[in-house]
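Here's a quick briefing to read alongside the structure. Have a look at the model first, then go through the points below.

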Amino acid sequence: MSHVCHKMGRDGLSLLRHISSFTSPITAFPVTKRGCRARGYQSIVLSHSCQHRRAVSTAVSPHFQELNGPEQRLLNKLYDGLIGGQRASLAESITLVETQHPRKKELAQVLLQRVLAYRREQEGRNGGKPVAFRVGLSGPPGAGKSSFIEVVGKMLTGRGHKLAVLAVDPSSCTTGGSLMGDKTRMTELSRDMSAFIRPSPASGTLGGVTRTTSEAIVLCEGAGYDIVLVETVGVGQSEFAVADMVDMFVLLIPPAGGDELQGIKRGIIERADLVVVTKSDGDLVVPARRIQAEYTSALKLLRKRSKAWNPKVVRASSHTNEGIPEVWAKIESYRDGMLASGELQRRRRAQQKVWMWNLIQENVLSHFQSHPGVREALPRLEERVTQGVVSPGLAADMLLRAFSSS
Ligand SMILES: Nc1nc2c(ncn2[C@@H]2O[C@H](COP(=O)(O)OP(=O)(O)OP(=O)(O)O)[C@@H](O)[C@H]2O)c(=O)[nH]1
């Protein structure tokens, strides 16, 4: 069991205590590092200076208040249920991370920190290796994504895996519509008790939705799901966001030529660890073979991204099941190679950093845009920039000055 010995402000301390109350009890008293060690504490977080104190106590919120009784009980209930693998608790916890309510957002962060601590313990017991594998799946509308997830999902739960499927639908962010189809998708898998399917939230910005998706991944892993599939449609930036949050990125391509394939961005092909040509059955086998050959040569021209793995192109049919076990075998051999070489762990660490900076950029920009001085000056300056009266550089300087002046 790890302990934290800490000297810090009340806010930060109460937060840390809540975060760690399940897995790593905290003792807090003004002592030295050596004093902590002498008392047998293994992990020590010390913040002696005011600067440090501020840094730690604002980790979640600068004004974090003590949890009141009902909040404490809610978090206890969610955490216990989630760790116990209860689907209702997992669903409720994901709803909490999706919330826009400021206080609930803070509670969600406390819950997440607890789950992260629990997961770290599990990883520690697993020799430092991740306990779950995250696969991103993308493809144009109608590529056969839901049919593919349905057959692969049933195969995996049949083999004893617990599978979570999370969706990122960019259209839900802009129009409230659904590119992934309003029809009930993956009907059989949604009845399978070893599978958990969560559609994309109906509204929000893409940044918001992708943030809650990566937090939902952590919650699913805490609830014991050892495979997490994150599905998105190949439109806009959502597939790049998904590629940044998974261990392996799989691109599904239908066996159609010309116009239908033009929607597939070159940039995203470069991110693919595996390309699956779908619907390789009946009359479609011939075009599927042709597409496979085209993509195989295209991938050869790309810069090698990994020492442990070369991207591959395979064919499969969700209707006949042909190629489906082979696709999963490829996914497993990728996972094993990347784990053994340590690349997977490195990729996750790098993703955490990218993720933090994405959130900072998004938050700083929205702060900037909602600043009263900026809002007042912006329309006029934008107009003058488009008219060529003021240079973009000068306008940006003026807006930044307005932002930092009050
Ligand atoms: N022949 C054949 N058709 C398939 C196969 N997989 C899917 N389809 C068909 O392709 C169409 C689209 O399949 P979906 O699985 O709904 O595709 P999707 O990518 O999830 O589509 P959205 O839900 O619109 O995002 C359906 O009519 C399926 O029946 C396959 O393996 N072979």
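## Briefing

L96 sits in helix 5, which spans residues 87-98. Keep in mind that this is a predicted model. The chain holds 18 helices and 10 strands, and buried residues account for 34% of its 406 residues.

**Around L96**
- L96 counts as buried because 23 other C-beta atoms lie within 10 Å, where 20 or more is the cut-off.
- Setting aside residues up to four places away in sequence, L96 touches K104, L107, A108 and L111.
- L111 is 15 residues from L96 along the chain, and their C-alpha atoms are separated by 9.3 Å.

**The largest nonpolar core**
- This core has 74 residues, and the members that touch the most others are L111, L219 and V250.
- Both domain 1 (4-123) and domain 2 (129-350) contribute residues to the core, so it lies between them.
- Take V250: if you ignore neighbours within four places in sequence, V250 is in contact with V135, G136, L137, A272, D273, L274 and V276.

**Around A241**
- You'll find A241 in helix 11, residues 238-243.
- A241 has 23 C-beta neighbours inside 10 Å, so it counts as buried.
- R211 and A241 are 30 residues apart in sequence, with 9.2 Å between their C-alpha atoms.

**The ligand shell**
- There are 19 residues around the ligand, and G144, K145, S146, S147 and K279 come nearest.
- Helix 7 (residues 145-158) supplies the largest share of this shell, with 3 residues.
- By residue class, the shell splits into 10 polar, 5 nonpolar and 4 charged.

**Contacts along the chain**
- Looking at contacts in the chain with a separation of 6 or more, 73% are between residues 24 or more positions apart.

**Confidence**
- The mean pLDDT of the chain is 80, and 76% of the residues reach 70 or more.
- Watch residues 1-63: the pLDDT there is below 50, though the stretch has 79 contacts in the model beyond near neighbours in sequence.
- For the complex, the predictor gives an ipTM of 0.96 and a pTM of 0.77.

Methods:
Residues numbered from 1 in each chain as written. Predicted model: local features only at pLDDT ≥ 70, side-chain atom pairs only at ≥ 80, totals over all residues. Near = placed C-beta within 6 Å. Helix = DSSP H or I, 4+ residues; strand = E, 2+ residues; numbered from the N terminus. Nonpolar A, V, L, I, M, F, W, Y, C, P; charged D, E, K, R; others polar. Core = buried A, V, L, I, M, F, W, Y, C linked by C-beta atoms within 7 Å. Buried ≥ 20, exposed ≤ 12 C-beta atoms within 10 Å, placed from the backbone. Domains from an automatic or database assignment. Contact = placed C-beta atoms within 7 Å. pLDDT = per-residue confidence, 0-100.
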